[in-house]
Amino acid sequence: MVERRPVNIVFICYNLYMAEKRSYADRREELIKAVAKRRRKIKLLAIAYKGGKCQVCGYDTYPGALDLHHLNSSTKSFGIGDKGYTRSWEKIKQELDKCILVCANCHREIEAGITQPFGVIQRGKTR
Ligand SMILES: [Zn+2]
């Protein structure tokens with residue numbers, strides 16, 4: 001005599017079996033997309049939090065050309081641009097409070113010592 005199981009139980013068991021069969025490799029692409037989406041969202045939130053424009057020249061055309069510059073590298077806990085975007089928004093805000101928002105050009109000038117970021121940013125005299 002053959003025992004008959006209700007169809008829905010067999011279906012649930014099949015779904016659980018298939019869920020366990022999904023490996024990281026199967027989900028890799030959707031996980032990468034989800035992380036990239038979160039990074040974009042956090043970056044836009046960070047830009048808005050810092051006033052939405054370069055604090056030196058006022059540039060605000062393309063968010064991708066805006067950088068966060070740590071005013072004091074010794075107080076830097078983590079880089080916002082690398083793994084920073086995977087942290088909680090509260091932790092990110094604490095880090096943002098140690099940064100200024102600058103465009104890529106002004107950032108390079110600050111790194112080169114041409115533009116000096118003080119409390120309120122001042123232009124260097126070499127320009
Ligand atoms: Zn600028």
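In which hand does helix H2 pass helix H3, right-handed or left-handed? In this predicted model, the crossing of H2 and H3 is right-handed. The contact between the two helices involves Ile42, Ala46 and Tyr49 on the H2 side, and Ile92, Lys93 and Leu96 on the H3 side. Classified by residue type, this contact of H2 with H3 comprises 5 nonpolar residues, 1 charged residue and no polar ones. Helix H2 spans residues 24-49 and helix H3 residues 89-96. Their axes lie 11 Å apart and form an angle of about 45 degrees; H2 and H3 are therefore oblique to each other.

The protein as a whole contains 4 helices and 2 strands, which follow one another along the sequence in the pattern α-α-β-α-β-α. Of its 127 residues, 15% count as buried. When contacts between residues at least 6 apart in sequence are considered, 59% join residues at least 24 apart.

The loop between H2 and strand S1 (66-70) includes Lys53. This residue is partly exposed, because 16 other C-beta atoms lie within 10 Å, a count between the limit of 12 or fewer for exposed residues and that of 20 or more for buried ones. With neighbours within four places in sequence left aside, Lys53 is in contact with Gly58, Tyr59 and Asp60. Lys53 and Leu66 are separated by 13 residues in sequence, and their C-alpha atoms are 7.7 Å apart in space.

How values were computed
Residues numbered from 1 in each chain as written. Predicted model: local features only at pLDDT ≥ 70, side-chain atom pairs only at ≥ 80, totals over all residues. Contact = placed C-beta atoms within 7 Å. Axes fitted to C-alpha atoms, helices over the stretch in contact; angles between N-to-C directions. Parallel < 35°, antiparallel > 145°, perpendicular 65-115°, else oblique. Left-handed = near helix turned anticlockwise from the far one by under 90°. Nonpolar A, V, L, I, M, F, W, Y, C, P; charged D, E, K, R; others polar.
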